[in-house]
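I opened the model to look at strands, domains, a helix pair and the chain contact. My entries follow in that order.

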Amino acid sequence: MTFMKSLMGASAVALAAGAALAEPAIIFDLGGKFDKSFNEAAFNGATRWAQETGGTFKELEMQSEAQREQALRRLAEAGANPVVMTGFAFGDVLNTVAPDFPDTKFAIIDMVVDQPNVKSVVFNEHEGSYLVGMMAALASKTGTVGFIGGMDIPLIRKFGCGYAQGVKAVNPDAKIIINMTGTTPAAWNDPVKGAELAKGQKAQGADVIYAAAGGTGVGVLQAAADEGILSIGVDSNQNYLHPGKVLTSMLKRVDNAVYEAFKEGENLATGVHVMGLANDGVGYAMDENNASLVTPEMQAQVDAAAEKIKSGEIVVHDYMSDNTCPAATF
Amino acid sequence: MDYNTLLQILDSTLRLATPLLLACLAGLFSERSGIFDIGLEGKMLAAAMASGAVAFLTGSVWVGLLAGIGASLAFAAIHGLASITFRGNQLISGVALNFLASGLTVLIAQSLFKQGGRTPPLTGDARFNPVTLPFADALQGVPIIGPFYHEVISGHSLLVYVALAMVPLSWWVLNRTRFGLRLRAVGENPAAVDTAGVSVVGLRFAAVAITGLLCGLAGAYMATALQAGFGKDMTAGRGYIALAALIFAKWRPVAALWACLLFGFFQALALRPDVVQAVVQVKVPVPFLDALPYVLTVIVLAGFIGKAIPPRAGGEPYVKER
């Protein structure tokens with residue numbers, strides 16, 4: 001009995017210590033922490049929080065599909081609060097884990113999970129893609145532009161659809177060539193196929209190509225640079241990959257989402273949180289690498305459209321709202 | 001479909017078929033000697049990473065190529081050790097090496113360059129640049145043949161021509177040399193070769209080494225010619241398609257060329273669904289085009305287009321009789 005008592009006492013102390021610390025935690029999806037894109041942006045947001053507040057955070061990199069639930073439970077049991085995870089693939093798992101830890105707050109990026117202690121952060125990728133689509137149409141001399149997606153899923157079609165609408169807004173007669181790399185996760189890591197798709201699109205007349213394809217996009221950007229046409233990067237700022245040859249990049253500020261979640265800490269506001277143009281959730285990248293490609297007139301026109309989207313004057317159709325696209329066929 | 005579109009697709013075909021062809025010939029040497037090699041994929045990946053990393057560090061694509069071949073040979077040596085010397089299961093060894101390559105390449109690239117498991121982009125002499133064949137520009141005016149020569153045959157990197165040259169060379173080595181005769185024999189009946197006083201182990205190691213060399217070329221081609229650097233899992237299953245092509249070609253070099261060109265052609269077609277739609281007048285789903293090589297292989301295996309008979313001693317470790 002005494003033994004039991006001391007054991008319980010010890011665990012109570014341990015629990016109290018855990019609660020007092022309440023470090024935030026972040027779980028990176030399979031792409032890995034240094035993917036130069038989505039996950040790395042999340043890591044940068046967490047690092048920014050740590051530098052500004054002097055706090056520390058727990059982190060975990062997924063190695064396989066099977067670890068998802070275990071990883072979530074382990075961090076929640078260790079007292080981490082809030083637990084942030086990147087990627088839509090956590091959706092189902094979080095839906096079962098979240099009710100078991102009612103005192104822990106969770107934040108998931110790119111997916112909506114309807115639980116009282118979950119903050120779901122989604123991005124208006126179609127708005128950012130609309131802006132780079134306008135940029136593409138303004139920079140194109142042939143009137144033909146391309147889009148290369150990774151795996152053919154609704155989220156990627158959302159990028160393509162926003163892009164197509166932006167292109168048509170500037171040049172209603174523009175031809176938009178759309179290719180998807182594949183239908184399996186391998187489509188995110190096939191730069192060789194990405195490069196061939198880019199060459200094929202160039203043969204059809206495209207002179208600006210937007211790649212929303214993870215690691216495959218690296219091949220698209222490379223082929224475009226080799227062939228002397230322009231490309232558009234995605235998620236992070238990829239302008240530096242080929243200075244003077246990448247027109248711009250569609251930014252998805254995952255770093256801001258993570259930073260804000262960490263900053264709110266245990267008082268995380270739950271519910272669906274939409275990050276769009278209006279709250280700097282998406283945008284396009286300008287730096288010294290693409291300054292020579294984008295004229296002030298182009299930038300002014302795109303910025304004007306951005307203001308109209310913010311004010312609601314222009315509504316960009318979201319493919320995922322009804323699985324149709326007015327400007328392109330998939 | 002106009003002529004220029006056809007040329008563009010054929011051009012793409014040749015580029016896509018080259019890594020398949022090199023890997024297919026690599027598998028051919030190994031399997032003809034009686035060693036199944038599932039690990040073509042892993043060897044290509046290791047070679048791609050090594051060539052990309054070393055080409056960047058030294059600034060010379062040739063040193064990178066050597067490093068790629070070296071890495072592939074090292075993997076081939078492990079496979080040889082496991083399946084020839086220790087008589088392990090060849091399929092398991094191959095699969096294990098694929099997993100090892102998939103993880104190890106990213107780990108090494110990440111610890112060297114800290115760029116998410118990629119190697120930095122290559123430029124200039126660190127990369128195989130396109131070669132313009134003689135008379136390509138002069139002949140461009142000749143109808144039909146001129147543009148074909150200029151667009152499809154000329155303008156590839158050196159390794160494409162090396163791969164094409166490997167086809168007659170492999171045929172000659174296998175069918176016209178003493179080494180080739182013994183290599184084929186050891187894959188059919190190693191006991192007979194042993195009785196004749198020729199080393200089964202030596203022959204099989206030689207075959208596995210050739211496999212390593214050719215996979216090294218394939219990996220280096222992808223990382224330093226098609227692309228400008230290594231990326232995680234960039235071979236994307238081409239090692240397995242090469243195995244399918246090998247079965248399709250019934251383990252013969254010249255047929256391997258046609259099989260790889262056919263598979264490459266399907267891959268190139270899958271990139272241009274608009275062309276397919278214009279030709280057949282029906283919207284064909286892209287995944288169907290992607291699956292065609294595998295469908296064809298199944299048809300061959302089912303015996304519809306002749307019978308594909310693998311080397312008789314394939315997959316069995318040779319145990320000397322006492």
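I began with the sheet of chain A: six strands run in the order 2-1-3-4-5-11, and the sheet is open with parallel pairing. Strands (E, at least two residues) and helices (H or I, at least four) are DSSP runs numbered from the N terminus, and two strands pair if DSSP finds at least two bridges between them. The model is predicted: local features need pLDDT of at least 70, side-chain atom pairs count only at pLDDT 80 or more, and totals for chains, interfaces and linings use all residues. Residues are numbered from 1 along each chain as its sequence is written, while chains are lettered from A and ligands numbered from 1 in the order in which they are written.

Which strands stand at the edges? I found strand 2 (58-61) and strand 11 (271-275) of chain A there, each with a single partner strand, so one side of each has no neighbour in the sheet. Neighbouring strands of this sheet are turned by 15 degrees against each other on average, direction ignored. I then took one pair: strand 3 (residues 83-86) and strand 4 (residues 106-109) of chain A are joined in the parallel sense over four bridges. A:Val83 has A:Phe106 of strand 4 as its bridge partner.

Next, the domains. For chain A the assignment, automatic or from a database, gives domain 1 (11-124 + 255-275) and domain 2 (125-251 + 282-322). Their centres, taken over C-alpha atoms, are separated by 30 Å. Ten residues of domain 1 of chain A are in contact with eight of domain 2 of chain A, where contact means C-beta atoms, placed from the backbone, within 7 Å. On the domain 1 side, helix 2 (residues 38-53) of chain A gives the most, with three residues.

I turned to helix 5 (residues 125-139) and helix 10 (residues 296-311) of chain A, whose axes come within 10 Å and cross at roughly 155 degrees. Axes are lines fitted to C-alpha atoms, for helices over the stretch in contact, and angles run from 0 to 180 degrees between N-to-C directions. The angle makes helix 5 of chain A roughly antiparallel to helix 10 of chain A, a term for angles over 145 degrees. Among the residues making the contact are A:Leu131 and A:Met135 of helix 5 and A:Val302 and A:Ala305 of helix 10.

Last, I checked the chain contact: 26 residues of chain A touch 25 residues of chain B. Helix 7 of chain A supplies the largest share of the chain A side, nine residues.

Notes. Two residues are in contact if their C-beta atoms, placed from the backbone, lie within 7 Å. Angles under 35 degrees count as roughly parallel, over 145 as roughly antiparallel, 65 to 115 as roughly perpendicular and the rest as oblique.
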